[in-house]
Amino acid sequence: MSSAKSKMLLAIGVVFFCASAAQVYVGWRLLGTEATANIGFNVYRSTDGGAAVKLNSSVITSSTNFVDNSATTSQSTRYFVRAVVNGSEQGDSTSFTLPA
C-alpha cells in the first residue's frame, strides 16, 4: 500500500467526541479494500501546542477507534492518527483540535 493511499484513508474518516471531562473518543474508517492489508494505527495527542505524544502502547490492528482516558479537556488538545503500513509509520492524518 502506498503512503499516499494511507494518507487519503485517514483524511476521509477521522472523528472524535468528548465523552467526559477526561475521556475523548477518536475513531476512523478502514475501507474494505484495505481491510486485508498489513495496516495498523497510532494515535497522538498534543496539549496546548506541546510536543505530540503517542497514546497507544502498541500499534492498533484490531479496531479503528481509541478512547483517550487521560485527556485534559480544560486545555486545547490536538489529535491525529498515523497509519502503520507493513511496520512503517506514515505521516500525520488531518488533525483536529478540541478547544479548551
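In which strand is the place of Ala83? In this predicted model, Ala83 belongs to strand β6, which spans residues 77-85, and with a relative accessible area of 0% the residue is buried. Its C-alpha atom is separated by 8.1 Å from that of Ser93, a residue 10 positions apart from Ala83 along the chain.

The largest nonpolar core holds 16 residues, of which Val24, Val26, Trp28, Phe41, Val43, Tyr79 and Val81 touch the most other members. At least two residues of this core come from each of β2 (23-27), β3 (39-47), β6 and β8 (96-98), and β6 gives the most, with four residues. Leaving aside residues up to four places away in sequence, Val26 touches Val14, Val15, Phe16, Thr64, Asn65, Phe66, Tyr79, Val81 and Phe96.

| Stacked pair | Distance between ring centres | Angle between planes |
|---|---|---|
| Phe17 and Tyr25 | 5.0 Å | 25° |
| Tyr44 and Phe80 | 5.1 Å | 5° |

In the pair of Phe17 and Tyr25, Phe17 is partly exposed at 46% relative accessibility, and Tyr25 is likewise partly exposed, at 25%. In the other pair, Tyr44 is buried at 9% relative accessibility and Phe80 is buried with a relative accessible area of 2%. Because Tyr44 lies in strand β3 and Phe80 in strand β6, this pair ties together parts that are 36 residues apart in sequence. Tyr44 also has Arg82 over the face of its ring, at 4.4 Å from the ring centre. Elsewhere, ring pairs link Phe16, Tyr79 and Phe96 into a cluster, and these three residues are also among those that Val26 touches.

Methods
Residues numbered from 1 in each chain as written. Predicted model: local features only at pLDDT ≥ 70, side-chain atom pairs only at ≥ 80, totals over all residues. Heavy atoms only, no water. Buried < 20%, exposed > 50% of the residue type's maximum accessible area, 1.4 Å probe, protein only. Core = buried A, V, L, I, M, F, W, Y, C linked by side-chain atoms within 4.5 Å. Contact = heavy atoms within 4.5 Å. Phe/Tyr/Trp six-rings, centres within 6.5 Å; stacked < 30°, edge-to-face > 60°. Lys NZ or Arg CZ within 6 Å of the ring centre and 35° of its normal.
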